[in-house]
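Visitor: Please take a close look at one part of this model for me. I would like to go through the interface between the two chains.

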Amino acid sequence: MASVSVALRSSFIWRGFHVWQRNRDAVIRGWKVELGGMVIEPFVVLAALGFGLGAYVGNIGDTRYAEYLAPGLIASYAMFHATLDATYGAYLRMDSHHVYEAMLFTPVEPSDIVVGEAMWGATRAAVSSVVVLIAASSFGLVSSPFALLAIPCAYLVGLAFASIAMVLTATASTIGAMNNFFTVFIIPMFYVSGVFFPLDHLPESVRVLSWALPLTPAAALTRGLVGGNLSWQMLLWVAELLAMAAVALYVAAFFMRRRLIK
Amino acid sequence: MTPSIAIEANRLTKDYSGLVAVDSVDFSVSKGECFGVLGPNGAGKTSIMKMVCCISPVTSGQLVVQCMDVMRQRRAIKSVLGVVSQADSLDPGLNVMQNLLSHARFFNIPGTLAKERAWAALDLFQLREKASASPDHLSGGMRRRLLIGRALLHEPSILILDEPTTGLDPQSRHLVWDRLLQLKHQGITMLLTTHYMDEAAYLCDRLMVIDLGKILAEGTPEKLVRTHAGEQVVQIQTLAPHSNGLLEQLEAQGLDYEDAGDSVLVFGDTSSLSKSESSWSGYHVVRRPANLEDVFLRLTGRWLRD
């Protein structure tokens, strides 16, 4: 046990964890600012789209529209929370608040910062999934106990998106670059990743592209868990998200070093 | 490199794609010594500091901190350094106490010990009642004291101070100086940059004056004053242009002088200056002991840098 603890304490995960702790402390200190929007929004969106729009849509297959939508929302909230924090949030910490600068005067290195920020984005994603799950079950949209696995799944989704976002943060020359990332990448993906409707009727090319983007496997994985319909394919999606996170972390760490150590 | 040396630079060079900020510099800092780096803006002081702190790669030459190479053993070096940077890097998202505890975590200091040391640091720098305040609500002097306290949490063996008292009022400056002297007596090594010559004279055992990336002079403050400015200075207020052939007279007497625009400075020992008094009769004259500022201005010139 002791050697495991020593190994852990000298690993990048542990050093990243200290960066994670810094962000946790800052959020707990200002929790009132964060909480309102995070809690209220999922209830409103589920009610409006799930039941308001859902009344016109009817069923998708033999699933009520609100039930179809809920897991998609869990995945997309995970995406938004992780991405927002690892773009605007991280850029602010790096550029305006000089948080990274102070960290670099300690044994922390740029790669640790990237890992810590990605872990933090993932945590925010997991927390958001708890809120959406509560909202969904309060509307009677959750039946399987496997739905609880949507929380670690949201962590994984958040890890992938936060890692990708850190590549942008490490390379952006102004905070305005984040706007483009949202308008060109995140928002369009949000509409063609099976969150709101199945992809069956989309052109072949859009469908292929969609499965290569992270939100489509994320939504499918979450939907399988929340509905309790497990399949072997889910392992493939987990691997896909893990691979995206790993590659993005590696690239982000490279650019972050180049940006901070000069 | 002998174990009694804390920092050693050999032909240390920093080239920012064509702009040579540090140009083949050699120096060494002994353990327990306070070593000052003086120079005008853009002289290369901060570049040297950054390389020592392992946040800026060495372009060429060698830089060794406690027998470790800055290019290869970054984490190990950074864990023995305490850094007070020029830019204020307190975390605005955390309160004063959290700033200290978060910093301590980066050094893997266990929680209870970190708390103990954080309170001790707040006491040492008279900040105890500010523990739960936001750094944004601290005065400049308090922020600087907190930065120094934060740099000491992991009990570093080398303290890096980049202009530690710039912008402070005299009260805060003296508190900082007292604490730094205490630390020096405890045996901590210090590498200090400053624009204040009184600070350098007060704290430094040895210092070097650099400009444009090169070392101009190096030694104890006393030795530098003696070598480059002598014992006394006669400051003659001439309100240029110099009439009456004052400069020619000084030249003829073989005196060491410097034309500083609105005044002329004459350097020398007490007796030789007394003998030449007649040369500046009729002018408004201030006679004072030579100091480091004279050395600094003589070595680096009076032209503005930015």
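Guide: What follows is a walk across the interface, seen from chain B.
This is a predicted model. Start with the extent of the contact. On chain B, 31 residues are in contact with 29 residues of chain A. The area buried between the two chains is about 2600 Å². Carbon and sulfur atoms give 55% of that area. Three residues stand out on the chain B side: B:Arg75, B:Arg105 and B:Phe106. Together they supply 30% of the area that chain B buries against chain A, more than any other three residues.

B:Arg75 takes part in a salt bridge, its side chain meeting that of A:Asp112 at 2.6 Å, N to O.

On chain B, β1 (5–16), α2 (74–78) and α3 (96–106) each give two or more residues to the side that touches chain A. α3(B) gives the most, with 5 residues.

Last, the make-up of that side. The side of chain B that touches chain A has 12 nonpolar residues, 11 polar residues and 8 charged residues.

How values were computed. Residues are numbered from 1 along each chain as its sequence is written. Chains are lettered from A and ligands numbered from 1 in the order in which they are written. This is a predicted model: local features need pLDDT of at least 70, side-chain atom pairs count only at pLDDT 80 or more; totals for chains, interfaces and linings use all residues. Side-chain values use heavy atoms; hydrogens and water are left out. Contact means heavy atoms within 4.5 Å. Buried area is the accessible area (1.4 Å probe) that two parts lose on being put together, summed over both. A salt bridge is a side-chain nitrogen of Lys or Arg within 4 Å of a carboxyl oxygen of Asp or Glu. Helices (H or I, at least four residues) and strands (E, at least two) are DSSP runs, numbered from the N terminus. Ala, Val, Leu, Ile, Met, Phe, Trp, Tyr, Cys and Pro count as nonpolar, Asp, Glu, Lys and Arg as charged, and the others, Gly among them, as polar.
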